[in-house]
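Work through the exercises below with the sequence and the model side by side. Each task is followed by a worked solution.

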Amino acid sequence: MKAAENNIYRTRIAAIRKEMKHQGLDSFVTSSFPSMRYLCGYSGSNGMLIVTGRTTIFFTDFRYKETTQTSVAADKKIITQGSLTQAAADQKFFSALKKIGFEKERVTVADLEIKTRFIGEKKLVPTAGIVESLRSVKDASELRTLKQAFDISDKVFQQILGIIKPGMTELELSAEISYRHKSLGAENDSFDVIVASGVRGSLPHGTASLKKLKRREFITLDFGCLYGGYHSDMTRTVCIGTPTSEMRKVYGIVLDAQQKSCDAVRSGVRARDLDSIAREITTKAGFGKEFGHSLGHGVGLDIHELPRIAPKSTDILAEGNVITIEPGIYIPKKFGIRIEDTLVVRQNGYDVLTASPKELIVL
Ligand SMILES: [Mn+2]
């Protein structure tokens with residue numbers, strides 16, 4: 001592992017220790033994938049990291065022995081079998097610890113039963129959002145990785161504009177997007193590609209179907225890729241052939257709501273105020289009810305993470321947050337429109353990660 005990477009993990013562990021102290025914990029244990037990736041660089045499917053005041057211990061099984069040796073940052077690395085919690089308890093790693101924080105939002109009932117059995121109920125302290133709130137502010141290396149993920153999706157969008165044709169099914173188009181993501185170096189799609197055309201456009205999360213693309217219909221494309229563990233997320237709505245004047249008008253409303261919300265982004269702004277900028281515009285235009293979801297969300301190691309950009313959010317934007325701005329208008333039995341960009345929050349504004357144009361594209 002490179003020294004620079006090691007330093008990043010050391011900084012993050014130091015932040016966890018600070019929070020442990022703040023919450024009166026002598027240790028913190030996690031088996032959740034984004035947390036392990038963030039705190040020690042592990043990207044496999046079975047692991048456990050214990051952080052104490054002095055040391056970090058990572059447990060996994062034989063399948064990840066090699067990658068653990070080369071790419072996990074921990075003071076001690078233990079390759080074992082069966083339940084990792086049981087192995088750690090058998091080897092007395094929990095014996096000297098008295099208050100062990102675990103992530104209550106990321107632990108199943110079954111996991112908790114195992115922890116209770118091998119660690120003891122008295123020692124276990126539920127915590128919430130410790131790693132998640134650290135993760136909401138991205139460092140320079142994370143922003144570089146995110147930019148690469150967004151560049152890939154921008155390229156994919158540019159490429160597929162050239163192949164969209166009436167008669168093609170939504171599924172064929174979604175397969176082209178997935179194929180191109182991987183061809184351009186992404187590990188995977190961020191989520192099942194959303195291709196919602198014509199009347200299906202009113203389903204905000206309409207994953208691709210066997211419906212064929214038709215002339216004079218909108219197609220909402222919401223997709224992203226996974227690159228270096230980080231997610232990209234973008235939405236564009238395009239039209240095959242000339243749209244009706246109603247379609248143009250509603251597109252203009254969504255674009256206005258999207259752009260004006262972006263323009264208000266900077267650190268210190270309340271997330272709910274950002275949400276209401278978009279909502280006031282759609283409501284004034286008579287489409288308040290047709291914009292039924294929140295304005296956006298944080299993106300990073302998870303596709304949806306902090307901060308929340310929603311009417312009831314109590315989050316305040318901070319420099320280094322990476323957020324989507326994605327208003328939409330969905331008119332049942334007619335069409336739907338959504339436009340989504342992802343921005344990096346800065347002190348006096350923002351940097352945009354999505355480079356694709358957002359003026360209406362007529363194919
Ligand atoms: Mn999104």
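This is a predicted model: local features need pLDDT of at least 70, side-chain atom pairs count only at pLDDT 80 or more; totals for chains, interfaces and linings use all residues.

**Exercise 1. Overall build**

Task: Compare the radius of gyration of the protein chain with that of a compact globule of 363 residues.

Solution: 
- Start with the inventory: the protein chain holds 10 helices and 20 strands.
- Next take the extent: along the principal axes, its C-alpha atoms fill a box of roughly 70 × 40 × 40 Å.
- Now apply the globule rule, 2.2 Å times the number of residues to the power 0.38.
- Then look at burial: 43% of the 363 residues count as buried.
- Finally, consider contacts between residues at least 6 apart in sequence: 66% of them join residues at least 24 apart.

**Exercise 2. Two domains**

Task: State how the protein chain is divided into domains, and describe the side of domain 1 that touches domain 2.

Solution: 
- Domain 1 covers residues 3-135 and domain 2 covers 140-362.
- Their centres, taken over C-alpha atoms, are separated by 35 Å.
- The contact takes 8 residues from domain 1 and 7 residues from domain 2.
- On the domain 1 side, the elements giving two or more residues are α2 and α6.
- By type, the residues of that side divide into 3 nonpolar, 2 polar and 3 charged.

**Exercise 3. The two faces of α1**

Task: Decide which residues of α1 are buried, and explain why they lie on the same side of the helix.

Solution: 
- Check the geometry of the helix. α1 runs over residues 3-22, and its 20 residues reach 29 Å from first C-alpha to last, close to the 28 Å expected at 1.5 Å a residue.
- List the buried positions, using the cut-off of 20 or more other C-beta atoms within 10 Å. These are Arg12, Ile13, Ile16 and Met20.
- Recall the general rule: with 3.6 residues a turn in an α-helix, residues three or four places apart point the same way.
- Turn to the face away from the buried side. Its exposed residues include Ala3, Asn7, Arg10, Ala14, Lys18 and Lys21.
- Find the cover. The elements over the buried residues of α1 include β1 (27-30), α2 (33-40), β2 (47-52), β3 (56-61), β5 (100-103) and α6 (130-135).
- Look past the helix end: just after α1, Gly24 has a positive phi of about 70 degrees.

Notes
Residues are numbered from 1 along each chain as its sequence is written. Helices (H or I, at least four residues) and strands (E, at least two) are DSSP runs, numbered from the N terminus. The expected span of a helix is 1.5 Å times one less than its number of residues. A residue is buried if 20 or more other C-beta atoms lie within 10 Å of its own, exposed if 12 or fewer, and partly exposed in between; C-beta atoms are placed from the backbone. The arc is that of the directions from the helix axis to the C-beta atoms. Two residues are in contact if their C-beta atoms, placed from the backbone, lie within 7 Å. Domain bounds come from an automatic or database domain assignment. Ala, Val, Leu, Ile, Met, Phe, Trp, Tyr, Cys and Pro count as nonpolar, Asp, Glu, Lys and Arg as charged, and the others, Gly among them, as polar.
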